[in-house]
Protein chains: 2
Amino acid sequence: MREGPDIARIASLVGDPARANMLNALMGGTALTASELALEAGVSLPTASSHLSKLMDGGLLTLASQGRHRYYGLASPQVAGMIEAIIGVAEAVGPKRVRPGPRDAAMRVARVCYDHLAGEQAVAMLDRLVDRKVLLREENEIRLSPSAISHFAALGIAIDDKARRPVCRACLDWSVRRSHLAGALGAAILDKVIAEKWARREKDSRAVVFSPKGKAEFERVFLA
Amino acid sequence: MREGPDIARIASLVGDPARANMLNALMGGTALTASELALEAGVSLPTASSHLSKLMDGGLLTLASQGRHRYYGLASPQVAGMIEAIIGVAEAVGPKRVRPGPRDAAMRVARVCYDHLAGEQAVAMLDRLVDRKVLLREENEIRLSPSAISHFAALGIAIDDKARRPVCRACLDWSVRRSHLAGALGAAILDKVIAEKWARREKDSRAVVFSPKGKAEFERVFLA
DNA sequence: GCGACAGTTCGATGGCGGTCGAAACATCGC
DNA sequence: GCGATGTTTCGACCGCCATCGAACTGTCGC
């Protein structure tokens, strides 16, 4: 009966289907407006608004007002991590709806996780960067090697290791059971993958689909 | 509106205060009976029973019947990991009830996590075992070094690397932000700590409190 | 200024689910 | 067998909360 942190409060926020759908949508990393989230969750605008204010109260979301638009996003990578953990259990526990459809398969290969790349490709990339000693992996933390800054600069990715946000972070993958690269660097790499049009984001999904040529380029640059 | 795994279903199971208390209690690692869990959650027996069957349906618990006793335990380390992740967010988000009381402080130093030791002491122990190359850490996995079996045998811990359960696993700590040792070996070490009376489990809490002498012994053996 | 659009607040409704007491069921000790 | 103890099932009650329509607030374009 003694209780530490109010875990039920947090979990029940995620426990409503409408809110869960919203959070799931926000796992894509881009902040969304109330109307978009209402559509995503399949509820009316007033209902969505009520849910959003609850999620705000609970500290799970951040809000950025821009004119008459209000963009909601996940409050922190930690929240994203929690949701991934819940997804992991739901996957493991409810293989009832086992339709490993094309979208599901695509998700395993590559998907967006908050603001960086996840999935088999992302796991392989981190492994390779560590092998090549561009990044140094120690326990669950990842650090830049001395050569990292010039290495990424050559790819057109500027690393600002003075920024408040950690440059590298390990993020556990739920499909593969290993880490991929999160943090500012992970985000920058995802940006590059999209900007170079190596891959495009699947509409209404976290899946990231590489074009044949894009895949080859990505592998040449990050997996060679 | 498209949905992958049923995340709301899982989260709502954790989202009820009574069930959250039960799960929290089971994070201690020992399986408990329905009556104990009812007491823990502060509800009547029928209510507890109903909650327990829901948690079973949801795949979060396992059940071991022994005569007229029925012992409930967490279904998997993955479930334990999810709960730790939720606790982490609840801690981060709700610093309203900031009473870093003695119990909380003790929890940070050492506590039980499912069936193994967590907290600062546990993190330090894993670091040291890796430094001494008894264990090998690679990404998020931990492996035995060739010398590990004899090393632990000398401490009275037999390692069965043929068993189905992984011997070593990394488990992320929510207080410290790094890994500690889980898996069969982690469990065996916790057993030893308790059996040697180096520490005792705080009543009704996950905290593990070392005696002065026990702490010295533990540090001599694992942190030297 | 005014109309259009984005979003929130209010009020009323409905249903799901948590709650308990009583009774049924199961297993133990003897 | 019998009573005692642990546990689940049943039935009824109650409250909370998700839901929506309508009205209100705020911001933009012009």
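How do the axes of helix α1 of chain A and helix α2 of chain B cross, and within what distance do they come? In this predicted model, the axes of α1 (residues 7-14) of chain A and α2 (residues 17-26) of chain B come within 9 Å and cross at roughly 120°. Axes are lines fitted to C-alpha atoms, for helices over the stretch in contact, with angles from 0 to 180 degrees between N-to-C directions; helices are DSSP runs of H or I with at least four residues, strands runs of E with at least two, numbered from the N terminus. α1(A) and α2(B) are therefore oblique to each other, the class left after under 35 degrees (roughly parallel), over 145 (roughly antiparallel) and 65 to 115 (roughly perpendicular).

In this pairing, A:Ile7, A:Ala8 and A:Ala11 meet B:Pro17, B:Ala20 and B:Asn24, contact being C-beta atoms, placed from the backbone, within 7 Å.

The surroundings of DNA strand D comprise 22 residues, the closest being A:Pro46, A:Gly67, B:Thr33, B:Ser35 and B:Pro46; near denotes a C-beta atom, placed from the backbone, within 6 Å. Two or more residues each come from α4 (45-57) of chain A and from α3 (34-41), α4 (45-57) and β3 (69-74) of chain B. The most, 6 residues, come from α4(B).

Confidence is expressed as pLDDT, the predictor's score for each residue from 0 to 100. Chain A averages 79, and 81% of its residues score at least 70. Within chain A, the mean is lowest in strand β8 (residues 169-172), at 63, and highest in α1(A), at 94.

Residues are numbered from 1 along each chain as its sequence is written, while chains are lettered from A and ligands numbered from 1 in the order written. Local features need pLDDT of at least 70 and side-chain atom pairs count only at 80 or more, whereas totals for chains, interfaces and linings use all residues.

Conventions: Two residues are in contact if their C-beta atoms, placed from the backbone, lie within 7 Å.
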